[in-house]
Amino acid sequence: MRRQGTYDAIIAECVDRPLREVDPPVLDVLSLGAHQLLGTRIPTHAAVSASVELARVVLGDGRAKFVNAVLRKIAQDDLDGWIAKVAPPYDDDPEDHLALVHSHPRWVVSALWDSLGGGRAGIERLLEADNERPEVTLVARPGRATAEELLREESAVPGRWSPYAVRLAEGGEPGAVDAVREGRAGVQDEGSQLVALALANVPVEGRDEKWLDGCAGPGGKAALLAALAAERGAMLLASEKQPHRAGLVAKALAGNPGPYQVIAADGTRPPWQPGSFDRVLMDVPCTGLGALRRRPEARWRRRPEDLEGFGPLQRELLSTAVESVRVGGVVGYATCSPHLAETRAVVEDVLKQWPGAELVDARPLFPGVPELGEGPDVQLWPHVHGTDAMYLAVIRRTG
């Protein structure tokens, strides 16, 4: 899945028709064969013969001969050689070059480059990081587990930034960890942990008793926030529109040491009164372009027009969040996408609607984390921080 775009370009060079005219089952077999030839150490003869046999059994002799001919052409060079043949020169078309070399849709390359800014080195490092398998990161839920307990696991090493994070450096199995099985710890990217910690650590004036996670599914941030709230005698309301996802939130929060409540509710039509909360996290639905290393198929499923669907919802949810917090309280707007249309554009538009709200510099809320940009918002990056590309803007209600 990670290399699909590159493989498609190579296969297209080796067939006598447009790729869209190749039957999908045949293209599937060719992709599997291309991956074995170009992306694994499987011997050439074994990769070709296994793919041809698969085509013969599933698709028939005629298509098997076609698969055999195409894969033998592909086998004449390695991945680097093929990329040199099929990728346009960088100087002629930088975005198309990077899209083919690093196997991302061109529009995604363009969007990530806009968000990242700067020259060629940064975007290449980001695209390379998207194609690397991420480590498994655990979170010790305060009051129920500790990082020290998790560090006793085989291959466990401390997280880079979060005091509650532990990485399974050799790809360990989370289900084998007692604390995870018992719900005292969970699997959670460190960027996600940092966003929850940042919201919990924003100074607020006056009471600090009621917290809201307005888009709580599937429950990772809610579980950490609920545990942090419990340490301060505060309660968390975790709201999730989809009932089955609300069930996942309830499972994640089960056993939390302090008071909490999980409800199934639409964050754009909330059942709570305005100004009810001291802290609000709104981790909105988005394209997920910040987690492509974790969900490689998302880069091929998403389309630029998806932004048009998410944009109004993101603005409405953030506006509800500002309305839901009391004067002096704070809102954290989070996305797992660095796309500017889902981050700064949303925040700027909502702040125009709310003159009684202002941005808070979020960078001091990420102690020890380097390269956080010019602020006041924070954008994390896989190639810089080793996290998903989480975004956070912190807003204080002033009137």
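Visitor: Does Arg184 count as buried or exposed?
Guide: This is a predicted model, in which local features need pLDDT of at least 70 and side-chain atom pairs count only at pLDDT 80 or more, while totals for chains, interfaces and linings use all residues. Residues are numbered from 1 along each chain as its sequence is written, and side-chain values use heavy atoms, with hydrogens and water left out. Buried means under 20% relative accessible area, exposed over 50% and partly exposed in between, with a 1.4 Å probe and protein chains only. Because its relative accessibility is 19%, Arg184 counts as buried.

Visitor: Which residue meets the side chain of Arg184 in a salt bridge?
Guide: A salt bridge here is a side-chain nitrogen of Lys or Arg within 4 Å of a carboxyl oxygen of Asp or Glu. The N to O distance in this pair is 2.8 Å, and the partner of Arg184 is Glu149.

Visitor: Where does Glu149 lie?
Guide: Helices (H or I, at least four residues) and strands (E, at least two) are DSSP runs, numbered from the N terminus. The salt bridge between Arg184 and Glu149 links distant parts of the chain, 35 residues apart, with Arg184 in the loop between helix H10 (178-181) and strand E4 (185-187) and Glu149 in helix H9 (residues 147-150).

Visitor: How far apart in sequence are the parts that Asp283 and Lys221 tie together?
Guide: Asp283 forms a salt bridge with Lys221, their closest N and O atoms being 2.6 Å apart. Since Asp283 lies in strand E8 (residues 277-283) and Lys221 in helix H12 (residues 220-231), the pair ties together parts whose separation in sequence is 62 residues.

Visitor: What is the relative accessibility of Lys221?
Guide: Its partner in the salt bridge, Asp283, counts as buried at 18% relative accessibility. Lys221 also counts as buried, because its relative accessibility is 11%.

Visitor: In which strand does the salt-bridge partner of Asp278 lie?
Guide: Asp278 forms a salt bridge with Arg326, with the closest N and O atoms 2.5 Å apart. Asp278 lies in strand E8, so the pair ties together parts 48 residues apart in sequence, Arg326 being in strand E9 (residues 325-335).

Visitor: Are Asp278 and Arg326 buried or exposed?
Guide: The two residues are joined by a salt bridge. Asp278 and Arg326 are both buried.

Visitor: How many salt bridges does a search of the whole structure find?
Guide: Salt bridges that share partners join Asp93, Glu95, Asp96 and Arg106 into one network. Over the whole structure, the number of salt bridges found is 30.
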